[in-house]
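Hi,

Here is the structure we talked about. Please have a look, then read my notes below.

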Amino acid sequence: METQMNGTLTGKVAFVTGAAGGIGRATAMAFAREGASVVVADVSEKDNQETARMIEEQGGRALAVRCDVTRAEDVQAALDKTIDAFGRLDFAFNNAGIEPRKPAPTADYDLEEWDRIIDIDLRGIFLSMKYEIPVMLKQGGGAIVNTSSGAGVIGIKGSPAYTAAKHGVIGLTRAAALDYAAQNIRVNAVCPGYIDTPMMARFTGGTAEGRARVISEEPIGRMGRPEEIANAVLWLCSDASAFVIGSAMVVDGGQTIQ
């Protein structure tokens, strides 16, 4: 399903982290379909290069860069390459993230696992904005969307780190939105529910029973598609959402309102 937009993004430049698959790949491809040049960033070089190839195959312009969002120097270098290649940055989708390896109650939670999730899912978004925002300020504005989760608006039993990180993304998004709203930089978040991606396949154990359990939690009766999150991200970056500042848009089939 292709994203349908009223306008075009021709001449614009988008930067997408976590672009090697799933929601990141779908969104990078949606930006490209609307005419934007896209920088795809991920630690998984092979899959990230494949995303760039897919964009170019559909007639778009793409640059693949390796980027570990927990490393400030990686993020800064990726943004430098964006400017070197395309001269500007209009949109950033800060989507890189990981899921928990094993659930455990808070007092029993593994410290290394806590640090790993907070480092990638929360600090990674902070670092991304830290280097994206100065570029946007220089050119007079832009739009940023950060990936939170349904876990950013409700508690998830046995998942304290992921829940804390995704709540943190919403708080960080709102703080940054207030910091830069008057300078024509809009910062919002998207909160996906259960989306049919490789990450979700790991979460469900890749079994029919696991998928059925997840789907049973969705009032709509199915998992979401990565393209449906891409649609939301592109809308949040478009002029159609010009008055949307610091929002956490939940796209989850009704899961979190039960």
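**Helix 8 and the cores**

The buried residues of helix 8 are covered by elements that include helix 1, strand 4, strand 5, strand 6 (185–192) and strand 7 (248–251). Bear in mind that this is a predicted model.

Helix 8 is largely enclosed by the rest of the structure, because nine of its twelve residues are buried. Those buried residues are Pro 226, Glu 228, Ile 229, Ala 230, Ala 232, Val 233, Leu 234, Leu 236 and Cys 237. The helix length checks out. At 1.5 Å a residue, the twelve residues of helix 8 should span 16 Å, and the end C-alpha atoms are 17 Å apart, which agrees.

Next, the cores. The largest nonpolar core has 31 residues. Phe 31, Val 38, Ile 55, Phe 93 and Val 233 touch the most other members. Elements giving two or more residues to this core include helix 1 (22–33), helix 2 (45–57), strand 4 (91–94) and helix 8 (226–237).

Which residues does Phe 93 contact, leaving aside neighbours within four places in sequence? Among them are Phe 15, Ile 23, Phe 31, Val 145, Val 190 and Val 233.

Ser 128 counts as buried because its relative accessible area is 1%, and the cut-off is under 20%. Not counting residues up to four places away in sequence, Ser 128 touches Thr 17, Val 69, Val 75 and Asn 94.

Best wishes

Definitions and conventions
Residues numbered from 1 in each chain as written. Predicted model: local features only at pLDDT ≥ 70, side-chain atom pairs only at ≥ 80, totals over all residues. Heavy atoms only, no water. Core = buried A, V, L, I, M, F, W, Y, C linked by side-chain atoms within 4.5 Å. Buried < 20%, exposed > 50% of the residue type's maximum accessible area, 1.4 Å probe, protein only. Helix = DSSP H or I, 4+ residues; strand = E, 2+ residues; numbered from the N terminus. Contact = heavy atoms within 4.5 Å. Expected span 1.5 Å × (residues − 1).
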